[in-house]
Amino acid sequence: MDEPATVSAPGRDPLAERLGDSLRRLMDAAVVTSAGNDELRAAIEAIDAVTLRLEGTDGALLRAAMPWPPPEQMRRGDRAHNPVIGAANPIAPPMAIRVLDDNSVISEITMRPIHEGPPGAVHGGWVASLLDQLLGVANTIVNIGGVTAELTVRYRRATPYGVPLTIRARTDSAEGRKIFASGEILADGVVTAEARGVFIRPSAQRFAQLQQVVKDRTEG
């Protein structure tokens, strides 16, 4: 059997993704460092200087919002700046997604110290975010994407961070504008959380508005 396809596309920005990775390391270090006050003061000054460099004078280098990829990348669930999936967004794990033969999707990730909630475990809000994102991507893959209307998460046990996790999702059915999807998170082969979601396909008017937003962000 062929290897599952990976959700990716040309036009990625390697430097933006390297920046995201560097910032992830910084954020992890910020919550687990034992550096003393002098080191912290020096770090704050250095970080502020880098921030000013990225902002530009009076914010001249800042966009109005995060950039979005072209529509064909969006249809594959490929958004480099998405806060859950995007390699260029430092708060994202991020998630690399593969599409299986049955059009379900899978991601294998390791959550980090900045995602901790209960001791040794991923924060419940992040657990829900991971599932919501992958359910949404599963819908997009089969070309019936929509926005989340309802997400029900069952937390079976603590989801650990710092160890490999497997997240799976699939589209179960569609009725009119409603889309039903489900998924689960596994650690060492054991389900730690599962979710069922109801998604709503946008109306023709709303879809046109969203297309215009993507076009403006892409060309901006």
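## Strands that pair

How many bridges join β3 to β5? Six bridges do, and the two strands run antiparallel; strands count as paired if DSSP finds at least two bridges between them. This is a predicted model, where local features need pLDDT of at least 70 and side-chain atom pairs count only at pLDDT 80 or more, while totals for chains, interfaces and linings use all residues. Residues are numbered from 1 along each chain as its sequence is written, and side-chain values use heavy atoms, leaving out hydrogens and water.

Within this pairing, Ile106 has Arg168 of β5 as its bridge partner. β5 is also joined to β6, by ten antiparallel bridges, and Thr171 is partnered there with Ala181 of β6. Two residues lie between β5 and β6 in their hairpin, and Gly176 in the turn has a positive phi of about 65°. Helices (H or I, at least four residues) and strands (E, at least two) are DSSP runs, numbered from the N terminus.

## Helix α4

Now look at α4, residues 124–141.

Among the buried residues of α4 are Trp126, Leu130 and Leu134, where buried means under 20% relative accessible area, exposed over 50%, and partly exposed in between (1.4 Å probe, protein chains only). The strands that the buried residues of α4 pack against include β3 and β5. After the helix comes Asn143, with a positive phi near 65°.

## Leu54

Leu54 sits in helix α2, residues 37–55. Leu54 is partly exposed, with a relative accessible area of 46%.

Conventions
Expected span 1.5 Å × (residues − 1). Contact = heavy atoms within 4.5 Å.
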